[in-house]
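Work through the following exercises with the sequence and the structure side by side. Each task is followed by a solution that goes step by step.

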Amino acid sequence: MARFVDAIDLPVGPEQAFDYLADFHRTAEWDPGVVRGEKLDPGPPRRGSRFRVVTGLLGRETPLEYEIEAFERPHRLVLRGGDDTLTSLDEIHFVPRGAGTRVLYEARL
């Protein structure tokens with residue numbers, strides 16, 4: 001199993017950071033490996049919301065479907081996704097840091 005971990009400090013509060021990242025169809029705005037995304041369910045993101053993101057690598061596009069498994073605003077967000085050949089568990093923590101937020105992102109493939 002591959003594991004990827006990253007941390008980034010954002011100049012916004014935990015609620016704003018959480019709301020932005022929970023709307024997972026926006027992944028293409030911050031993940032250079034994602035070509036586009038779409039929300040598959042109506043309404044605001046919540047536990048059970050589903051998204052499709054399309055990754056691009058070497059000219060090949062791969063659609064992956066994700067579902068929010070844990071929605072603990074504004075502290076923790078967990079998404080599980082993938083396709084027939086790949087499963088990813090993405091866990092995101094939001095920690096207040098000064099006037100902003102430290103986002104801790106871990107993906108296990």
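**Exercise 1.** Find how exposed R73 is, and then identify its salt-bridge partner.

Solution. At 42% relative accessibility, R73 counts as partly exposed, a class that lies between buried (under 20% relative accessible area) and exposed (over 50%), with a 1.4 Å probe and protein chains only. This is a predicted model, in which local features need pLDDT of at least 70 and side-chain atom pairs count only at pLDDT 80 or more, while totals for chains, interfaces and linings use all residues. Residues are numbered from 1 along each chain as its sequence is written, and side-chain values use heavy atoms, with hydrogens and water left out.

Next, the side chain of R73 meets that of D19 in a salt bridge at 2.7 Å, N to O, the rule being a side-chain nitrogen of Lys or Arg within 4 Å of a carboxyl oxygen of Asp or Glu. The pair links distant parts of the chain, since D19 sits in helix α1 and R73 in the loop between β4 and β5, 54 residues apart. D19 is likewise partly exposed, at 36%.

**Exercise 2.** Locate the salt bridge between D9 and R97, and state which strands the pair ties together.

Solution. The D9 and R97 side chains meet at 3.8 Å, N to O. D9 lies in strand β1 and R97 in strand β6, so the pair ties together parts that are 88 residues apart in sequence; here strands are DSSP runs (E, at least two residues) and helices are runs of H or I (at least four), numbered from the N terminus. D9 has 41% relative accessibility, and R97 has 46%.
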